[in-house]
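Me: I have a structure open and want to learn how to read it. Can we go feature by feature?

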Amino acid sequence: MTTNNNSRASTGIVGLDDILTGGFVPNRLYLVEGMPGSGKTTLAFQFLLEGVRKGETVLYVTLSETAEEITAVADSHGWDLKGVTIRELVPTAETLQPAEQYTVFHPSEVELSDTTTKIVDDVDRLRPTRLVFDSLSELRLLAGNPLRYRRQILALKQFFAGRRCTVLLLDDLTAAEHDLQVQSIAHGSMLLEHTMPAFGSARRRLSVTKYRGSTFRGGFHDYAIHRGGIEVFPRLIAAEHRSESSRERMGSGLIGLDRLLGGGLERGTSTLIAGAAGTGKSTVASLFCTKAADNGIRSSLFIFDESVNTLFSRLDGLSIDMRGHVAAGTVSVTQVDPAELSPGHFVHSIRQAVERDGSTIVVIDSLNGYLNSMPDEKFLVIQLHELLTYLGQQGVATVLIAAHHGLISSNMSAPVDASYLADSVVLMRYFELDGEVRQAISVVKMRGGAHERTIREFKMRDGEITVGEPLRDYRGVLSGVPEKNRPSS
């Protein structure tokens, strides 16, 4: 199979090049399908502008939009179309005049011939190395019947075959029946999809449905359209990122907490901190981040449930200088907007934090917000498993925070059981004692490492955090209503 990236025609979109292992195999014909509004034209112009950047001659043939409309699209993205030749074959207003109506010949016989002749003439004159044809729906209508349409596409393919030109055919899927004729003719095909969730912005994803003689990353890949073009987030495949990493432990600075965890968070593992709202889960995660920052180790927090300012103010009151470390660049805090989130975009942000910024600790606060922000998505737990596997292979210590339903009960539950995914589980609970609500912390699971199995009292009081001695004089602490142990007779 063809795998030489140097011989590929880059699409101008980093994520899409990654999916196509470098870009399009040059001098071939490709089909890009998608409903109106899915971003086909945007993708096509990024492909052409990449050619202009490399000094190539490029041509855009449009049967549906005027040059004025195309220029408006380019302006909305901040593009300069200098170097892109635009051939406008849109029917003019004169075609509506009675004198222009055909009487002897069917319109398709005249108009299709004229259209293809103009395209052929432009290609022979300009000799472009990249060409976009927008769109096939108009050519399909001009052809009049499926047989003539297929023969026309075959003729175009043969014409371009000897002219060293990479061609993108755009199809807006507006035909009553979706035929696969062009897919069978094209060297490769791609499908762009967009759906509207019950709340929030559109969810967009693409898939490569065919790519002859070449490797590519299959499946669905999320993408977004911003000012400047399309951004593609390739599907994460953890098996592609296997590597050896350090297994050192990173402490929190609290002796009692580090003893519970056998010395602190271990690199390459994931830790789930679960408990009721307000028990201190986010605070514990912040302790590890700030302690790591003190040692020059970078960390990244992705927060769903509270604003950045609220987080800073709360930690300031506990003498945790998260604000200062963020200003110094050793800690990054990303406020995730649930209405704008897609799973692929979120995973991409985490990958950038690890691969580009060098973060060694990643905190997701919280799983509740992650799941609630994408209620229409399926298989989120499987995606989470793939993400944790990838982070483990990169030597990252991952902290997941999950809020249990309720406050004090013996049968509290989380919205998703992620305990089997995590390597370690820290449990934080409220309990009642001597007419006072207190907090307890314990480690109930740790794969492959020794840890303390006691239950300790956890306090956030008077501007400081303390982890007390083990609560050995009580039983039933995790039930919420402990009893004092009776002295042995």
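Me: Which residues is Arg 456 in contact with, leaving aside its neighbours within four places in sequence?

Reply: Contact means heavy atoms within 4.5 Å. By that rule, Arg 456 is in contact with Gly 256, Arg 259, Leu 260, Gln 439, Ala 440, Ile 441, Val 467, Gly 468, Glu 469, Pro 470 and Leu 471, with neighbours up to four places away left out. Keep in mind that this is a predicted model: local features need pLDDT of at least 70, side-chain atom pairs count only at pLDDT 80 or more, and totals for chains, interfaces and linings use all residues. Residues are numbered from 1 along each chain as its sequence is written, and side-chain values use heavy atoms, with hydrogens and water left out.

Me: Where does Arg 456 sit, and is Arg 456 buried or exposed?

Reply: Helices (H or I, at least four residues) and strands (E, at least two) are DSSP runs, numbered from the N terminus. Arg 456 belongs to strand S19, residues 455–461. Buried means under 20% relative accessible area, exposed means over 50%, and partly exposed is in between (1.4 Å probe, protein chains only). Arg 456 has a relative accessible area of 3%, so Arg 456 is buried.

Me: What does the side chain of Arg 456 reach?

Reply: Look for polar contacts. A polar contact is a pair of N or O atoms within 3.5 Å; within protein, one must be able to donate a hydrogen and the other to accept it, and residues adjacent in sequence count only if both atoms are side-chain atoms. The side chain of Arg 456 reaches the backbone oxygen of Gly 468 at 2.8 Å. With the side chain of Glu 452, Arg 456 makes a polar contact at 2.7 Å.

Me: How many salt bridges does a search of the whole structure find?

Reply: Start with the idea. Side chains of opposite charge can pair when their charged atoms come close. A salt bridge is a side-chain nitrogen of Lys or Arg within 4 Å of a carboxyl oxygen of Asp or Glu. The search finds 22 salt bridges. One of them joins Glu 452 and Arg 456 (2.7 Å, N to O). Glu 436, Arg 438, Glu 457 and Arg 461 are linked in a network of salt bridges.

Me: Which residue forms a salt bridge with Glu 240?

Reply: Arg 217 does, and the closest N and O atoms are 2.6 Å apart. Glu 240 lies in the loop between strand S9 (229–233) and strand S10 (249–250), and Arg 217 in the loop between S7 and strand S8 (221–226), so the pair ties together parts 23 residues apart in sequence. Glu 240 is partly exposed at 44% relative accessibility. Arg 217 is buried at 12%.

Me: What about Arg 249 and Glu 266?

Reply: Their side chains meet in a salt bridge at 3.6 Å, N to O. Arg 249 is in strand S10 and Glu 266 in strand S11 (residues 265–266), so this pair links distant parts of the chain, 17 residues apart. Arg 249 is partly exposed, with a relative accessible area of 29%. Glu 266 is buried, at 14%.

Me: Which side chain of opposite charge is nearest to Asp 134?

Reply: First, count charges. Lys and Arg are positive and Asp and Glu negative; His and the chain ends are not counted. Asp 134 is buried yet has no salt bridge, and the nearest opposite charge, on Lys 40, is 6.6 Å away. Asp 134 is found in strand S4 (residues 130–134). Its side chain makes polar contacts with the side chains of Tyr 60, at 2.5 Å, and Thr 41, at 3.4 Å.

Me: Where is Leu 387 found?

Reply: Leu 387 is in helix H14 (residues 380–393). At 1% relative accessibility, Leu 387 counts as buried. Leaving out residues up to four places away in sequence, Leu 387 touches Leu 236, Val 347, Ile 350 and Ile 364. Leu 387 and Ala 238 are 149 residues apart in sequence and 7.1 Å apart in space, C-alpha to C-alpha.

Me: How many helices and strands does the protein have?

Reply: The protein has 14 helices and 22 strands. Of its 489 residues, buried ones make up 50%.
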